[in-house]
Amino acid sequence: MNAVIDRVALYAKLVRLDKPIGTLLLLWPTLWALWIAADGRPSVKLIVIFSLGTLLMRSAGCAINDYADRDFDLHVERTKNRPLTSGKISTKEALAVAGVLALLAFLLVLQTNALTVALSFPALFIAVSYPYTKRFFAITQAYLGVAFGFGIPMAFAAQTGAVPTLAWIMLLANVFWAIAYDTEYAMVDRNDDVKLGLNTSALLFAEYDVAAVMICYALEIGIMAMIGLSLGFGWIYYVGLAVAAAMMAYHYFLIRNRDRAKCFYAFRHNNWVGGVIFAGIVAHYTIK
């Protein structure tokens, strides 16, 4: 029995159940879209489907990421003790875990409509292919933004049966947000990535990395403000954006000296950025 418990604990660590930040960064923009698509009244069924689906697909993505990066992770202090990299579980086990989780997520999607099901296939491809983009794509964080934001068009599709231009504009905002927060994350591993020959935005932006992060934050807030204007959102929504912008400004003081611990803290703090934007959206529909 203890052996089974230990194995389950390793699988939980593989899929980062002990580190929910990735799930939350996926979930917030999905919930933004779900509330807006439903005019503030999403069904409980869709909230459950997308919340569980986000957890399952983020977990599957972590297993795939560790499989793809297993040889690189050996040479990085922060990742060398991951279950797959350290040899505590096999590559077949990691792939099996990813496959089961992706299948469960697909079963959830089947409870929606044909368009959402169709969108789940490119979503899966993007999630699976993302780890490999580090080998050839100079700004993998943009690809991550698409992967982490694909719940946006899927939420619109599930709620309305269509994917309007608004959904793609929201996805673009999420891409800028992901470039910002994942550049902060990449700043932590900059030296290791140089030695391993991997591509990240922190290396691409070089000495302009801090400026690039702040520009991407500004673009994300600007696009979300334009969305609010186009939808006629009230003042409470902009309070949420203002609080999010203040948090982003705080990140500048955390990352300006490129201290690894502070950059990592700034990355994790983005959970609160996504949360206050969501709170502003919910508040608008509650009091309008």
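How many residues apart are Trp 177 and Tyr 181 in helix α9?

1. They are 4 residues apart in α9 (residues 165–188), so about one helical turn separates Trp 177 from Tyr 181. Helices here are DSSP runs of H or I with at least four residues, strands are runs of E with at least two, and both are numbered from the N terminus.

2. On the basis of the note: this is a predicted model, in which local features need pLDDT of at least 70 and side-chain atom pairs count only at pLDDT 80 or more, while totals for chains, interfaces and linings use all residues. Residues are numbered from 1 along each chain as its sequence is written, and side-chain values use heavy atoms, with hydrogens and water left out.

3. Aromatic pairs. Rings of Phe, Tyr and Trp (for Trp, the six-membered ring) pair if their centres lie within 6.5 Å; planes under 30 degrees apart are called stacked, over 60 edge-to-face, and the rest tilted. The count by this rule is 14 aromatic pairs. In one of them, the ring centres of Trp 35 and Phe 278 are 5.0 Å apart with planes at 90°, so this pair is edge-to-face. The pair links distant parts of the chain: Trp 35 sits in α2 (residues 21–37) and Phe 278 in α14 (residues 260–287), 243 residues apart. Both Trp 35 and Phe 278 are buried, where buried means under 20% relative accessible area, exposed over 50%, and partly exposed in between (1.4 Å probe, protein chains only).

4. Trp 177 is buried at 0% relative accessibility, and Tyr 181 is buried at 1%. Both belong to one aromatic cluster, together with Trp 32, Tyr 185, Phe 264 and Phe 267.

5. Helix α2. The helix has 17 residues and spans 25 Å from first C-alpha to last, close to the 24 Å expected at 1.5 Å a residue; the expected span is 1.5 Å times one less than the number of residues. Of its 17 residues, 16 are buried, so α2 is largely enclosed by the rest of the structure.

6. Arg 16, in the loop between α1 (2–14) and α2, has a positive phi of about 60° although it is not a glycine. Asp 39, in the loop between α2 and α3 (44–68), is likewise not a glycine and has a positive phi of about 55°. Arg 16 is buried at 10% relative accessibility, whereas Asp 39 is partly exposed at 31%.
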